[in-house]
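Here are my notes on this one, as numbered points. Have the viewer open while you read.

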Amino acid sequence: MVLMGKLDWIKEELEELKKKGLYVTIRVLQSAQGPWVVVNGKRVLNMCSNNYLGLAAHPKIKEAAIRAILDYGVGAGAVRTIAGTMELHVELEEKLAKFKKREAAILFQSGYNANLGAISALLRKGEDGIFLSEELNHASIIDGMRLSGAPKVIYKHLDMDDLKKKLEENKDKKKKIIVTDGVFSMDGDLAPLPEIVELAEQYDAIVYVDDAHGEGVLGSHGRGIVDHFNLHDKVDFEMGTLSKAFGVIGGYVAGPEEAIEYLKQRARPFLFSSAMNPPDVAAAIAAVEILQKSDDLVKKLWDNTHFLQKGLRDLGYDLGNTKHPITPVMLYDEKLAQEFSRRLYEEYNIFAQAIVYPTVPLGTARIRLEPSAAHTKEDLKLVIDAFEDLGKKTGFLK
Ligand code: PMP
């Protein structure tokens, strides 16, 4: 349909996005999520999904979802506070709390909604309080603070002197909430949680960590960044997603029982958007059970990560400060990163995303690779070889 008249501005906006190189092309997968996927009829090695443990198409998880459809149907039918709470939701909340070694957890329909709901409920406009937010926090955290309407101050990436300075400036405020990503998704670097917790204790601040990329990856059995640093009960709120390592969809926040009870009374996506669907909840329960029982997949993920990152570093690539499977292959130049992504896809059958401005600062363009436990060493060797070949062909590698 051609847009006309009152909607002309949409066409103009789309053209503007294209002109600025910000228009996103959506690739359509014709197969299940996994180490290899079919895109536009072509089988390509998938190096850009967050399915870290390969659970998205795991047979036990698929079976759990099918069983739940037969027992509970496909829809939850209402918001959680009306008629949408099924025994499955309660079971998953209990299992997640136990997995994270916390008293309680609250489920949301996505990680995005978890941040939006929890953050906006913890501090509201007009209260005597402030958010202290890390510079590179995820968009859902930023949107949560916007929905709250309470004031915020941004501290510099990983800069504890700056956080201390900002805590000092706001020390008389009643509520001080430090909000940070645990793992930063474009670089794979980690928030210095032990230092953050120490400052929080000093200034009596609340700590809220987004562990979207930490769970299933860091800590014992993939319990996440808090477990990795052994800071249980020192971090007040641990937010997680069920869409990455867990391979499903949904999000949650874990923490002290009364605080979680409070979020169930106050968090807007919990109150005003229908509950997670039964097959998704059952699938997530199966995913948590798999991780509780065995850390084999987490170990495989790390083995693959070390293999890929060593191979690329040996070729001379700069992978920044990653401490995680997120592997930013720094190419710096925006056009070169776009060229790498296109040629990896067209010439080497490798599906890998270029990350450019404005997602990252100008001059820091990169290809972001994400190995998973489902990749084989042969798969990853293909990637290393392709980066060697293409690096030489483009003159990037000398
Ligand atoms: N936080 C971070 C750090 C993320 O990377 C993401 C996903 N991109 C989210 C939150 C949102 O999670 P979900 O995709 O489950 O909505």
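1. A definition to start: two residues are in contact if their C-beta atoms, placed from the backbone, lie within 7 Å. On that basis, residues 24 or more positions apart account for 71% of the contacts in the protein chain with a separation of 6 or more.

2. Some ground rules. This is a predicted model, where local features need pLDDT of at least 70, side-chain atom pairs count only at pLDDT 80 or more, and totals for chains, interfaces and linings use all residues. Residues are numbered from 1 along each chain as its sequence is written.

3. On confidence: pLDDT is the predictor's confidence in each residue, from 0 to 100. The protein chain has a mean pLDDT of 96, with 99% of its residues at 70 or more. The model's ipTM is 0.99 and its pTM 0.96.

4. Now the overall build. The protein chain has 14 helices and 13 strands (DSSP runs numbered from the N terminus: helices are H or I with at least four residues, strands are E with at least two). Its radius of gyration, taken over C-alpha atoms, is 22 Å, close to the 21 Å that the globule rule gives for 398 residues, so the chain is as compact as a globular protein of that length. That rule is 2.2 Å times the number of residues to the power 0.38.

5. How much of the chain is buried? The share is 48% of the 398 residues. A residue is buried if 20 or more other C-beta atoms lie within 10 Å of its own, exposed if 12 or fewer, and partly exposed in between, with C-beta atoms placed from the backbone.

6. Take a look at Lys244. An unreviewed UniProt entry annotates Lys244 as "modified residue: N6-(pyridoxal phosphate)lysine"; such annotations may be inferred rather than shown by experiment, and UniProt positions follow the numbering used here, with feature names shortened. Lys244 sits in the loop between strand S8 (237-241) and strand S9 (251-255). Lys244 counts as buried because it has 25 C-beta neighbours inside 10 Å. Leaving out residues up to four places away in sequence, Lys244 touches Asn50, Tyr52, Ala212, His213 and Gly216.

7. Then Leu331, in strand S10 (residues 327-332). Leu331 is buried, with 25 other C-beta atoms within 10 Å. Leu331 and Ala365 are 34 residues apart in sequence, yet 5.7 Å apart in space, C-alpha to C-alpha. Beyond four places in sequence, the residues that Leu331 touches include Phe340, Ile367 and Phe396.
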